[in-house]
Amino acid sequence: MKEDKFEKIIKLAEKRGFVMKSYEIYGGLKGFYDFGPLGVLLKNKIKQLWLKDILNMPNIYLIETPIIGPRILYEASGHIENFYDRLVECKKCHNRFREDQLLKGEYGEIKIKDNKALCPLCQGELTEARNFNLMFKTYIGPVEELTAEGYLRPETAQGIFINFKNILSSMRAKLPFGIAQIGKSFRNEITPKNFVFRVREFEQMEIEFFVKPEENEKLFGFWVEKRFNWYLNFLGIKKENLIKHIQTKDELAHYAKAAIDIYYKFPFGEDEIEGIANRTDYDLKRHMEYSKEDLSYFDEEKKEKIIPYVIEPSAGVERILLALLCDVYDEDEVISEKGKLEKRIVMRFKPWLAPIQAAVFPLLSNRTNLLNKAKEVFGHLKNNFVIIYDENGSIGRRYRRQDEIGTPYCITIDFQTLEDETVTVRDRDTTNQERIRIEELNDYLKEKFKI
Ligand code: GAP
């Protein structure tokens, strides 16, 4: 049943232009997705709301750094040595699996022969596990040698750490302060899966929050709460679908002393959408060691140099988008325009999050005076809102199309409009309609989209 809901969400996302498989006309490419017009609008909203929440703190600085980094950067960060999954391959069908997922039963039931696990797909013999580094490698410039090796970043974080000193001096920053970045990251995942949940190219929203070492635990707690509340208050995600997961020692990344993940209860199971890690002074120390630059901070109170600790909230835009799609997807029954009970799919985005904010319809599509008036109303609103105009099909069908993409308000121009300059505004969730004067529409809608 739950899987079924996930299938329906994927189908809707593909059909209505939220998310599509990349390179589909060439057979697709595993782990890559395109975002259609509604998907891009929604991703942008997620990013804007993230920025809105953090940039109203006076001590957060937003930067942008390159996607490709030189080998030395990832030697220093520890990714070349530690950023791998354990991979096993079937000697018969040559499918590859992550050893940890295989043992957890994520590929189905595992049969054992002579004390060894067999391939879950063909029961063939599996190879010994080997380390598989998840970074995509390339060469910078025309010569393919070790010193020209470059990597697509697996996290945006490293671009931030190496700018610590620049921000200290250019912004005259004082601890505690954060450097934030939104951008693409890449991981050559062994088994991309669950639609856009685990992909090979994705966007991260990360903050490296530099703190005095003695404040690391207090500020770790602060960020866990702040980020958890963002999902509730800014995205409107249902509290019962969110979990705080404390990472065990085995789960911790090579740089972390502690981490708490925010999990969402997806139809395929609960899993991480964001991690908040206490990275200690690991990164700054490693970059000091490899670059020979002084990345310390002068503590005015103690009159000594210190190496700040780092608290890192790190979220993935695609996973948040998927969680949102799952959270707002609903099916119910409404009374149709003909007075009959009708099933509908409705995406119950909070009004400020809906990709399309309102739709404008003429009641009938064959009356020039209604069409002209509807276009006039559309023109009156289009500079202030993301709205669409639709004159195709019955009014009921047009409502259903907007419900399916979560448009919170549908504005209909009918015969009364021609007499008294009022329109009906239909609420997506209640389906109730209100009559509003055209000259008041802008203010009426603005009020509705306040967060
Ligand atoms: N800088 C820390 C870091 O990258 P992470 O837990 O590996 O930590 C942070 O990743 C977030 O990035 C995850 O919570 C998830 O939302 C997103 N993410 C990581 N790998 C991903 C993948 N393969 N596909 C989609 N999102 C991913």
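This is a predicted model: local features need pLDDT of at least 70, side-chain atom pairs count only at pLDDT 80 or more; totals for chains, interfaces and linings use all residues.
Residues are numbered from 1 along each chain as its sequence is written. Local features need pLDDT of at least 70, side-chain atom pairs count only at pLDDT 80 or more, totals for chains, interfaces and linings use all residues, and side-chain values use heavy atoms, with hydrogens and water left out.

Rings to begin with. The whole structure holds 21 aromatic pairs. Rings of Phe, Tyr and Trp (its six-membered ring) pair if their centres lie within 6.5 Å; planes under 30 degrees apart are stacked, over 60 edge-to-face, the rest tilted.

Take Tyr 33 and Phe 195. Their centres are 5.2 Å apart and their planes at 75°, so this pair is edge-to-face. Tyr 33 lies in strand S2, and Phe 195 in the loop between strand S12 (177-186) and strand S13 (201-211), so the pair ties together parts 162 residues apart in sequence. Strands are DSSP runs (E, at least two residues), and helices are too (H or I, at least four), numbered from the N terminus.

Buried or exposed: what is Phe 195? Buried, at 7% relative accessible area. Tyr 33 is partly exposed, at 24%. The cut-offs: buried is under 20%, exposed over 50%, partly exposed in between (1.4 Å probe, protein chains only).

Next pair: Tyr 409 and Phe 449, also edge-to-face, 5.8 Å centre to centre with 70° between the planes. Tyr 409 sits in strand S24 (residues 409-413), Phe 449 in the segment after helix H14 (441-448). Tyr 409 is buried at 6%. Phe 449 is buried at 11%.

Last, the loop between strand S1 (19-21) and strand S2 (33-35) holds Ile 25. Ile 25 is exposed, at 77% relative accessibility.
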